Amino acid sequence: MRYAMTAAAILCLTVGAGLQAQEGPYHAGPVIQIGGEGGWDYLSVDPAAHRLYVSHATHVVVIDTQTNKVVGDIPDTPGVHGLAVAADLSRAFVSNGRGNNSSIVDLKTLKLIQKVETGENPDWILYESSKKEVYTMNGRGKSATVFDATTGKVVATIPLEGKPETAQADSKAGKIYVNMEDLNSIKVIDIATHKVTETWPAAPCEAASGLAFDLATHRLFLGCDNKLMVMMDSTNGKVVYSVPVGEGVDSTWFDPTTKLAFTSNGGAGTVSVAHEDSASVLKIVQTIKTVRGARTMALDPVTHTIYLAATDYEPQAPGSKDRPKAVAGTFRVLTYLMK
């Protein structure tokens, strides 16, 4: 299904530094209640198995995306950040930030197979299918750990000089792209040698946390802390376009069928939706109102549904700079569906 943009869908109204679309392709869907206590980070979707995996402090919640019901749990993942699915191996790989390791999990039973030691504070995690290897982006370790997905053997530790955030793979080109949040750059890792071969400046993007990829047009989409989504050519590192998005960008996704790119803006309580009109042009087509603090997101590329983790917060005194305290039992997943 391809989203056919109408004149109304691309009619955008400039408000301050951001854009708000008058209407667009997405509307609010069911809310999936999870509850419990503790923080969260990435969500990930296994579209073939109809599963959504939601990181939640010390465990991963498993949701059936056809019924929107919790159907399982992966325990013993302290400080969990994310989960990568290897459908061909019937395995998942979890980054345990406080454990400085990664759990290898059987997707059929959700049981632990083994844990693999990584660099300090593994954050984003990626499965690269051509070599059947797993990459963990180690935030405090300023490195990437690479291990064999079948044996768990560590095959490389790649120095990255700074704090890596999201990574994307182009297996055909033999490259892994890593956005370096504190260096305002993209590093390119050679899949065959596990070496950094290039570093590209991301300007005008600052402190990118999200990264998505259009394999067909060789375009990277960077979600930037200075309220921009930047489109970069993955063949040479040239920035070709940028559009304004909301405050507090965390996650960035791309839908290859609809050609829509998304940033979840936790500070603004919005999702910015941009259409890749061509390999050189992006257009904001919708600003979805979510809730403040809904900063991490996942996309189901088959149903085109987007999922965001959210919670309620206790009131704060005016001018307080303290981190708001979550209200216990209000953790949930918001869904947004295509019209």
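User: Buried means under 20% relative accessible area, exposed means over 50%, and partly exposed is in between. With that settled, which class does aspartate 277 fall into?

Analyst: In this predicted model, aspartate 277 has a relative accessible area of 32%, so it counts as partly exposed, lying between the 20% and 50% limits.

User: What does the side chain of aspartate 277 meet?

Analyst: Its side chain meets that of lysine 283 in a salt bridge, with an N to O distance of 3.5 Å. Lysine 283 is likewise partly exposed, having a relative accessible area of 35%.

User: How many salt bridges are there in the whole structure?

Analyst: The search over the whole structure finds 14 salt bridges. One of them joins aspartate 233 to arginine 219, where the closest N and O atoms are 3.4 Å apart. That pair links distant parts of the chain, since aspartate 233 sits in strand β22 (residues 228-233) and arginine 219 in strand β21 (residues 219-224), 14 residues apart.

User: Is aspartate 233 buried or exposed, and what about arginine 219?

Analyst: Aspartate 233 is buried, with a relative accessible area of 11%, and arginine 219 is buried as well, at 10%.

User: Which residues are linked in a network of salt bridges?

Analyst: The network links Asp41, Asp250 and Arg295. Within it, the side chains of aspartate 250 and arginine 295 meet at 3.2 Å, N to O. Aspartate 250 belongs to strand β24 (residues 249-255), whereas arginine 295 is in the loop between β27 (281-289) and β28 (297-299), so this pair ties together parts that are 45 residues apart in sequence. As for accessibility, aspartate 250 counts as buried at 16%, while arginine 295 is partly exposed at 27%.

User: Back to β21 and β22, what sheet are they in?

Analyst: They belong to an open sheet of four strands, ordered β20-β21-β22-β23, in which the pairing is antiparallel. The edges are β20 (210-214) and β23, each of which pairs on one side only, and from one strand to the next the twist averages 20°.

User: How many bridges join β20 to β21?

Analyst: Five bridges join these two antiparallel strands, and alanine 212 has phenylalanine 221 in β21 as its bridge partner.

User: What about β22 and β23, in what sense do they pair?

Analyst: Strand β22 and strand β23 (residues 239-244) pair in the antiparallel sense over five bridges, with methionine 229 standing opposite valine 243 in β23. Their hairpin has five residues between the strands, and in this hairpin glycine 237 takes a positive phi near 80°.

User: Zooming out, how many helices and strands does the protein chain have?

Analyst: The secondary structure comes to zero helices and 30 strands. The radius of gyration is 19 Å, close to the 20 Å that the globule rule gives for 339 residues, so the chain is as compact as a globular protein of that length. Along the principal axes, the C-alpha atoms fill a box of roughly 55 × 45 × 45 Å.

User: And what can you tell me about burial, surface and contacts?

Analyst: Of the 339 residues in the protein chain, 53% are buried. The accessible surface comes to about 13900 Å², and 52% of that belongs to carbon and sulfur atoms. Taking the contacts between residues at least 6 apart in sequence, 43% join residues at least 24 apart.

Notes: Residues are numbered from 1 along each chain as its sequence is written. This is a predicted model: local features need pLDDT of at least 70, side-chain atom pairs count only at pLDDT 80 or more; totals for chains, interfaces and linings use all residues. Side-chain values use heavy atoms; hydrogens and water are left out. A salt bridge is a side-chain nitrogen of Lys or Arg within 4 Å of a carboxyl oxygen of Asp or Glu. Buried means under 20% relative accessible area, exposed over 50%, partly exposed in between (1.4 Å probe, protein chains only). Two strands pair if DSSP finds at least two bridges between them. The radius of gyration is taken over C-alpha atoms; the globule rule is 2.2 Å times the number of residues to the power 0.38. Contact means heavy atoms within 4.5 Å. Accessible areas come from the Shrake-Rupley method with a 1.4 Å probe; for residues, only the protein chains shown count as cover. Axes are lines fitted to C-alpha atoms, for helices over the stretch in contact, and angles run from 0 to 180 degrees between N-to-C directions.
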